[in-house]
Amino acid sequence: MIVKGTTTGGITGLDGGYSVTIPDDDAVLIFSSVGYETIEVPVGNQSVIDISLVPDITSLEEIVVIGYGTSKKKDLTGSIVNVKAEEVSKYKPTSVSEILRTTAPGLQVGYATNARNVPDFEVRGDASIKANDNDERNANKPLIVVDGVIFLGDLAEINPNDIESVDVLKDASAAAIYGSQASNGVVIFTTKKGEYGKPKINFSSRIGLITGAKRQETFKGGDEVLNWLTDMNESINELLEEPWTKYRDYYSIPAEYQDDWLLANGIPGETDPAVINGARVDNFGFWEIEKENFNNGTVYDWQDFLFHTGVRQDYDLSVSGRNERVSYYYSLGYSDRESVQIWESFKTITSRLNLDVSIAEFLNVGVNASFSYQDEGRQPVGSGGYITASPYDQPWQNGKPNTREFLNDQSAGSNRGNPYQDPSWNTREHDRYMINPTLFTKVTLPLGFSFRMDYTPRLDIRKRFDFDDSGNPGRAVDRGLRRHNQSVAWQWNNILSWDKEFGEHRFSLTGLYNAERTKNWETYVVSSNFSPTSELGYNGLPFGLNPSIPFRDVADENDVNLDEVYSRTALMGRINYAFGDRYNFSASIRRDGFSRFGQDNTLGNFPSLSGAWTITNEDFMVSAPKFLNYLKIRASWGINGNSSGLESYNAYGRLSNNLYLNYSGGYIATPYVELVRIANPNLSWERNEAFNIGLDFGLWNDRLSGSFDAYTSETKDLLLDQKLPEVTGFGSAKTNVGNLKNSGFDLGLNSINMSSENFVWTSAFNITYAVNKITTFGNKPIPLKDSEGNPVLDGSGNPVLAEPDDLQNGWFIGENKDVIWDYDVNGVYQIGEEAEAAKFGLFPGDFRIVDLDGDGNIDVDDKTFLGLKQNPWYITFRNDFEYKGFDLGIVFLAKLGYKGGSDYPFNNRQEYIKNHNWYNLPYWTPQNKSNDAARINSIRLGGQQIWVSKSYLRLQNVSLGYSLPENILEKIKLDRLRLSVNVENAGVWTKWILGDPESEREMPRTYSFSIDFTF
């Protein structure tokens, strides 16, 4: 509430009460609230003015993309979140994934530490299970749709500055129109289009510095590393409690033992400190370069060699406009990004053209086309080995230039290579080109009908050329590699729609026919030992004397030299019905076909039903409490599918040919053919059946609004590799086996905390909770046995039957797929507890494992469930402030309720013992009796790990910006100009012991400056 023409005013209390001092009787009060129409009231001689705001239905009339069409927000029956990209534009997201990190309840966004910076995200937890972590991540990715067409490419090719809005289809009924690909939810990106008015030119520039944030430190040169080496050697040789040892600093031991120390080190009577100190480090196995640097007092931190402050640059230019006939939007973007890892970079050029031309009143044609080029740069320097790198060593020879010719052949220590060697002698070209246009025609027909046809071809060309020079001491001959990948795909959508109103009745019908085809092709050629010259590198592969066209890449163990094709078809029908802005119903069914499945199951049906009741539009709500201004209940059911993790021809048998030596008067190379994969004609989709109930609400004139959704789902017929009996001749076969149940809730709250003419403070608070449970693997139940091997009997004396767990993968019937099953630990055995430790073959300084069954043995029966390896809770809290042209944004993010496992607290890794540095982590000694870390070279039973909380709270983003006022903009002929500074990953609070919970080595922090203007 404000006095018109002044800055006098304020906000009402929760009960609607207010007071204000007016200058005179001619004053006019302006009342406004988000979600309601603004009204003006002349004061006159009134001392009390009571008003009621009329709901502004504009927000409910907003258009939301629901897949193959749109709907008004007020008519939604499913769980759909609409995100305006402008809401988070101040935080300058560098990928489309980052737009969603704190904006959509029910959606979790991960982190990317590489230069590409495109993190994965998932909707409502995991709906599928795989034995391999990478396979599982891929199997739980949501379906991506861009401008109404299923997106088959790499998210890095989508410029976040091109995004207008994002719609997240979370529940089964909303996603079911995508059928066989929608069990993990659907994320629909809508790109920008031209707007009415004069043409607009937008330019955005962002320059940032990326540094390492929370990272685990190693021991530094000097006393830190020398004391650790001393303790390590004394521990291994059981000398920790001796009054002196040859490993200790000569000047720190009692004078009475110093002569003995000199004698033990082979320098009796020596007085030169340099010789004495040199003798000590000889006991640690120092190499010559380490001795030289030690004697000179020169130390290095290998993190300075392997990590740096990288630079990120992003530039975007767009031109857009619209008139009665033509709408256009064209953009060009360029990014040049480095990571904190030395030599890792990623460059990309993106371009988009969105053109819509009205040829006639009933006919529109257009194109939504994107082009992307990516360059992955040179081979990065591997950073994983810094943990064991000696602080008295460096990559280059002492006193020599820092060029590849003077690199040390090997780093000091045991089996340590020089991480600079391979990248320094490697030349590579890793490029990718992607063209992805959608050509469309829309015809407006009589009686409310319309027809749209989309045709989307896609060309994706990737080349990876590498040449390893024989100048590398670790390589005997030159090696060249050329790898070409090409994917050609097309999609064809035909959409018939009918929208009609009859009084209070509104109908919307959609019919779809879809066809898709994708062909992947790869050529992989490698050769070595080039003669007569290797100057042409990978361009001179014919000069290699050892050419090869392998069927498998040894480095990543993937099949190569492929030529494969797959196709999909679909029919879909949907009906939406609304009555009087109170009742809404929706039903859909989709029938999909997919060539990768078995001949008996190439087709599948995916139905859905949903309904909603807007209670506040009922007449009886007139007497409802004044604080409640909007209330809507939703319920839905649906079945969706998933085919992730399935290779092109998994349903078919596979033959392999080779040679064997046959003897017939001499050895003869004889060809043979064998069946290496069994056919499965019944192979089919994973099917996810889900229920959702939701509540949308607005309170206190929408000063607090939000939504709450609770859901449960079960994925049946999981696609897994099932073990086969040895008699079959096959180890395993891809098949449908097992069920996974998923449940949880999403809560999203939006509040207007303060609002006046000059100051606005709003907040967004999102909570996501998701857990799962394995219900079956489809195996035959077997009799349960107790710890002594005896059958477990029920009350009638009959054996209790239960389905066996999959101990190999750590999967248990009735438990979360991410459950931790391991030994429980109750501290560390201390001095004086030798007898107790000896019962289990342990010693003081070893972890005390809980003997759960009390039988005096530590075995598999003592393992128990200790928590979860994946977080069930994902919480974000965003606060946005605006004051006289300034804007401030602060975002917090938390992942809670999970643990990480590590064997580092055992302090017994072989590289720990054999090298000259390590993480600066605690370890037990008789003088430093830790209860959280074991002694050096402690005993570790049965692959046990120590599980520590990974829960964290992160200050994800801080943004401060300033937009120039209109009077200045008019002078410089601009419509808008904003300057801002931004900090990403500003801080993290956690109990996790190995750096950042998301990355042990390379979690980045970015400081950036940006400028955006429009004219």
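**Exercise 1. Determine what share of the protein's residues count as buried.**

Solution. Of the 1015 residues of the protein, 49% count as buried, where buried means under 20% relative accessible area (1.4 Å probe, protein chains only). The model is predicted: local features need pLDDT of at least 70, side-chain atom pairs count only at pLDDT 80 or more, and totals for chains, interfaces and linings use all residues. Residues are numbered from 1 along each chain as its sequence is written, and side-chain values use heavy atoms, with hydrogens and water left out.

**Exercise 2. Decide whether Gln216 is buried or exposed, and list its surroundings.**

Solution. 
- Step 1: Gln216 has 11% relative accessibility, so Gln216 counts as buried.
- Step 2: Leaving aside neighbours within four places in sequence, Gln216 is in contact (heavy atoms within 4.5 Å) with residues including Gln303, Tyr386, Asn920 and Gly995.

**Exercise 3. Compare the radius of gyration of the protein with that of a compact globule.**

Solution. 
- Step 1: The radius is taken over C-alpha atoms, and the globule rule is 2.2 Å times the number of residues to the power 0.38.
- Step 2: For 1015 residues, a compact globule would have a radius near 31 Å.
- Step 3: The protein has 33 Å, which agrees.
- Step 4: As a further description of extent, the C-alpha atoms fill a box of roughly 105 × 90 × 80 Å along the principal axes.

Conventions:
Buried means under 20% relative accessible area, exposed over 50%, partly exposed in between (1.4 Å probe, protein chains only).
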